[in-house]
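Subject: Structure handover

Hello,

Here is the structure you are taking over. My notes come after it.

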Amino acid sequence: MSSAVTGLTTAQAKQQFEKFGPNGLKEEKKNPLLAFLRYFSNPMAWMIEAAAVMALVIGDYGDFSIILTLLVFNAILGFWEEHSASNALAALKSALATEARVLRDGVWQQINARDLVPGDILQLRLGDVCPADVKLISGEYLNVDQSALTGESLPVTKKIGDAAYSGSIVKMGEMVGEVSATGAQTYFGKTAGLVQGAGSTSHFQKAVMRIGDFLIAMAVVLALVLVTVQLSRGEDILHVAEFVLILLVAAVPVAMPAVLSVTMAMGAKLLAMRKVIVSRLEAIEELAGMDLLCSDKTGTLTQNKMTLGQILTWQGSTEDDVLLAGALASKAADRDPIDLAVLNALKSPTEMNGFTQTAYTPFDPIGKRTEATISNAGRTFYVSKGTPQVIFNMCKLAPPDLALAQGLILDLAKKGDRTLAVARAETQGAWRLLGILSMSDPPRPDSRATIAAAEGYGVAVKMVTGDNAAIACEIASQLGMGAHIQPAGDLFQGTKPSPELAAQVEKADGFAQVFPEHKYEIVKLLQDRGHIVGMTGDGANDAPALKQADVGIAVSGATDAARAAAALVLTEPGLSVIIRGIEEARRIFARMTSYTIYRIAMTVNIMFFIVIATLTYGFFPLTPLMIIALALLDDLPILTIAFDRAEVAPRPVRWKMGRLLAVSSVLGVLAVVQSFGLMYIGVSVWQMGRDQMQTMMFLQLLVGGHLLLFVARAKGALWQTPRPGRRLFLAIVTTQVLAVMMCAFGWGVPAISWNVIAQVWGYCLVWMLISDVIKRLLYLNRSFA
């Protein structure tokens with residue numbers, strides 16, 4: 001619908017509103033109750049629920065309460081994580097303009113920006129946030145800052161026929177335009193739509209589910225074997241049900257999600273001390289495994305501050321002459337970034353003392369230069385700076401001089417520099433070229449060292465920028481990133497995602513002239529190639545890629561939209577803080593891996609030992625009370641594993657489930673042999689009674705379990721690994737002292753002699769050394785590397 005310059009009538013606007021809806025971002029409403037209940041419907045939850053039902057059937061309300069509490073805790077934790085993720089869309093909404101000046105019924109009026117419709121005539125002035133996509137139809141020009149949308153580091157000039165995007169900010173000029181798109185159909189709205197559709201499944205979540213599936217499969221098989229055998233022996237069904245409950249409680253690592261989450265939460269506190277705020281816990285694990293970092297250039301690798309570079313003089317002038325004239329042709333009050341860069345380059349502000357600016361013409365897209373009339377010591381002269389071609393024409397350069405000057409400009413452009421020419425006239429119109437100023441957005445001082453450190457840790461860095469390829473190549477060269485910079489338009493124009501395109505993206509050192517949808521696709525294609533991808537950014541244009549990335553990193557000073565979409569937020573300028581984050585994340589991952597290996601091995605040990613011992617000797621090797629005490633004494637100290645010392649892996653780390661399950665299963669089988677061997681000695685050699693036998697096996701499983709944790713802590717030998725953290729060590733010692741007291745004095749279990757306790761400890765220590773040797777042999781095997 002075209003409304004020319006008369007604007008829409010109220011009736012027309014109402015009709016358009018009914019057709020296109022409000023000028024806002026749509027958000028899918030989810031039923032929070034259904035979202036919460038979903039966390040009770042997955043294989044791990046089903047097994048925990050089955051254990052709770054069995055406890056209820058046999059009337060064991062204590063176990064039922066404990067299991068139910070853990071189940072609800074895990075559901076609340078997952079629900080809260082999902083709820084927090086929805087903040088990205090809310091932050092994008094808050095960036096939209098709230099009011100707009102439109103022509104309705106032939107009268108200019110202020111209306112709520114949500115009521116704008118396509119066809120409205122809209123006025124844009126200095127300081128306005130454009131509330132919709134607009135086609136400019138009248139006025140001289142607009143200078144708009146759209147860096148938060150496109151990544152361009154300087155304001156962009158718009159003229160009649162150009163488009164002004166929703167969310168861009170008017171820096172200079174005044175124009176009238178016709179609204180072409182509102183809400184989700186705007187450039188800004190499509191960016192928000194990408195954020196809403198973005199997101200990848202956490203490797204942490206996948207790992208926990210695979211471990212759960214592995215343990216569930218074992219539990220089901222063993223439960224079927226036991227039920228069949230025990231019923232064939234004529235056992236009471238409730239007695240069998242009680243045993244299956246014990247098996248389920250032992251088999252399902254109910255506390256595993258909680259322990260891993262607590263480990264990451266404590267790690268998040270450590271990261272916060274290193275200026276990295278974690279908004280999604282799973283991102284810690286992803287940061288440890290990140291092998292490719294896509295970094296926004298403007299404001300992230302560079303300072304987002306125009307700086308004066310090389311000064312080229314012309315025919316007798318000096319660098320000081322060129323710089324002073326450029327400064328006199330600037331005005332600090334206008335806050336123009338180019339003017340400020342020239343003024344800041346002066347050795348001292350006092351250099352301009354004695355010079356009075358009596359007239360000043362600011363830069364505009366038509367004249368493409370500034371001009372000032374200067375008074376000094378009773379005489380008047382004129383200075384100008386601007387686009388080189390305009391200044392060259394003013395100075396009426398001879399053809400050979402013009403060719404030489406244009407060659408200088410071309411050389412600077414190849415390096416990615418922007419250029420200004422500076423001229424002076426003693427009388428009006430008699431312009432003389434003084435020289436050329438080069439301008440650039442320089443890299444941050446720590447960027448090169450940060451990139452080198454990242455690559456030292458096995459993390460490749462790719463630049464992603466909205467600037468042109470020449471500027472990107474120059475910055476990449478300065479930072480040692482490689483010069484294979486691909487213009488995004490060349491890669492994605494009319495091309496659907498494919499393995500060939502993904503391979504091209506993977507080989508590139510960086511990308512130039514990038515739009516938000518390009519960043520989003522770049523991240524997805526790299527993920528399709530098997531990479532764990534990090535993405536840094538600071539603007540709303542980065543939000544879709546930040547959310548889609550495995551590790552979305554909002555840098556210091558980022559917009560609210562970028563912070564909400566990111567999993568990590570840096571509170572210190574520059575990228576060096578990311579290196580500290582990677583180091584801490586890899587320590588956290590090492591703690592989680594050691595606990596997971598320990599937990600699986602212990603589950604295998606308890607499950608198989610109970611089944612084999614019951615089938616062999618015809619009685620349970622542990623009482624129900626011992627099972628519960630063992631679970632508590634085993635897991636409570638493990639919560640302190642979050643404070644354990646750990647090594648920093650030199651390369652990215654991932655959940656290698658095949659290796660993890662194999663190593664933990666082998667250690668678990670060794671533990672079964674260890675436990676059954678001691679029971680055999682107790683029955684056949686020492687000829688112990690059933691009650692004392694059960695107490696001895698309770699102590700052996702507890703002592704052997706915690707010694708197994710020390711074996712699982714690292715790939716190397718016990719004496720080559722970092723000392724255990726003080727809290728973990730004290731917690732285990734306290735637990736072991738309590739267990740020994742229980743067994744020696746008969747607290748809740750039949751008492752056994754100090755001699756038997758000492759023999760159990762000696763037996764377990766020998767087996768710890770045997771297990772450590774076999775573990776090292778496993779890791780030396782290439783198939784486990």
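This is a predicted model: local features need pLDDT of at least 70, side-chain atom pairs count only at pLDDT 80 or more; totals for chains, interfaces and linings use all residues.

Residues are numbered from 1 along each chain as its sequence is written, and side-chain values use heavy atoms, with hydrogens and water left out.

Gln 123 is in strand 3 (residues 121-124); helices (H or I, at least four residues) and strands (E, at least two) are DSSP runs, numbered from the N terminus. Gln 123 has a relative accessible area of 13%, so it is buried (under 20% relative accessible area, with exposed over 50% and partly exposed in between; 1.4 Å probe, protein chains only). Its side chain makes polar contacts with the side chains of Arg 101, at 2.6 Å, and Glu 174, at 3.2 Å. A polar contact is a pair of N or O atoms within 3.5 Å; within protein, one must be able to donate a hydrogen and the other to accept it, and residues adjacent in sequence count only if both atoms are side-chain atoms. Leaving aside residues up to four places away in sequence, Gln 123 also touches Trp 108, Asp 128 and Met 175, among others (contact means heavy atoms within 4.5 Å).

There are 0 disulfides in the structure (pairs of cysteine sulfur atoms within 2.5 Å). Cys 130 is buried at 1% relative accessibility, and Cys 294 is buried at 1%.

In helix 15 (residues 388-395), the buried residues are Pro 388, Ile 391, Phe 392, Met 394 and Cys 395. They lie on the same side of helix 15 because they cover an arc of only 160° around the axis, the arc being that of the directions from the helix axis to the C-beta atoms. Among the elements covering them are strand 12 (369-376), strand 13 (379-386) and helix 16 (399-414). Lys 396, which follows helix 15, has a positive phi, near 50°.

An open sheet of 8 strands runs in the order 8-21-20-19-9-16-18-17, with mixed pairing (two strands pair if DSSP finds at least two bridges between them). Its edge strands are strand 8 (276-278) and strand 17 (485-487), each pairing on one side only.

Regards
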